[in-house]
Amino acid sequence: MCSQTKAAALMANIPRADIDSSGVFKYVLIRVHSREEGDDSEIDIVRGYGWAEFHADIYDKVSEELEKGGHLDCECVGGGRIQHDPQDKKIHVYGYSIGFGRANHAVTTEQLKAQYLDYEVTWDNEGY
């Protein structure tokens, strides 16, 4: 019998993408790992918000929430910017984070496409 770990159950309920509803803002790509022995599961999540002055502001807030119970561990694997235009149903991912480096925008784009099914989601490595 295969039983799911607490960490895996928690990860299954984490939204893969959570971004502001419009505008241009910073984002981070966060890899969430299980801290439980024998469980090597992990997921990548995208978080982007206009309130953040720095990429680290987003990472600090999100990782603190996710790591609370002691079952999960977070690592920031890069950042960039997102331009979200809900009127035209377009999201563009670009740029980089000075503190965390450039996120893998292809991974970010796939997470966003899965959530924004009727959007055109694009990316490139240009700009800051």
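Q: Is Asp-73 buried, exposed or partly exposed?
A: Asp-73 counts as partly exposed, at 32% relative accessibility. Buried means under 20% relative accessible area, exposed over 50%, and partly exposed in between (1.4 Å probe, protein chains only).

Q: What kind of model is this, and how are things numbered?
A: It's a predicted model, where local features need pLDDT of at least 70, side-chain atom pairs count only at pLDDT 80 or more, and totals for chains, interfaces and linings use all residues. Residues are numbered from 1 along each chain as its sequence is written, and side-chain values use heavy atoms, with hydrogens and water left out.

Q: Back to Asp-73, which strand is it in?
A: Asp-73 sits in strand β4, residues 72-85. Helices (H or I, at least four residues) and strands (E, at least two) are DSSP runs, numbered from the N terminus.

Q: And what does Asp-73 contact?
A: Setting aside neighbours within four places in sequence, Asp-73 is in contact with Arg-31, Val-32, His-33, Arg-35 and Glu-67. Contact means heavy atoms within 4.5 Å.

Q: How far is Asp-73 from Glu-36?
A: C-alpha to C-alpha, Asp-73 and Glu-36 are 9.7 Å apart in space, and they're 37 residues apart in sequence.

Q: Which residue does UniProt list for "active site"?
A: The unreviewed UniProt entry lists His-55. UniProt positions are in the numbering used here, feature names are shortened, and annotations may be inferred rather than shown by experiment.

Q: Where is His-55, and is it buried or exposed?
A: His-55 is in helix α2, residues 55-67, and is buried, with a relative accessible area of 4%.

Q: What's His-55 in contact with?
A: Leaving out neighbours within four places in sequence, the contacts of His-55 include Lys-26, Tyr-27, Gly-79, Tyr-96 and Phe-100.

Q: Last one: where does Ile-98 lie, and is it buried or exposed?
A: Ile-98 lies in the loop between β5 (90-94) and α3 (105-115). Ile-98 is exposed, with a relative accessible area of 69%.
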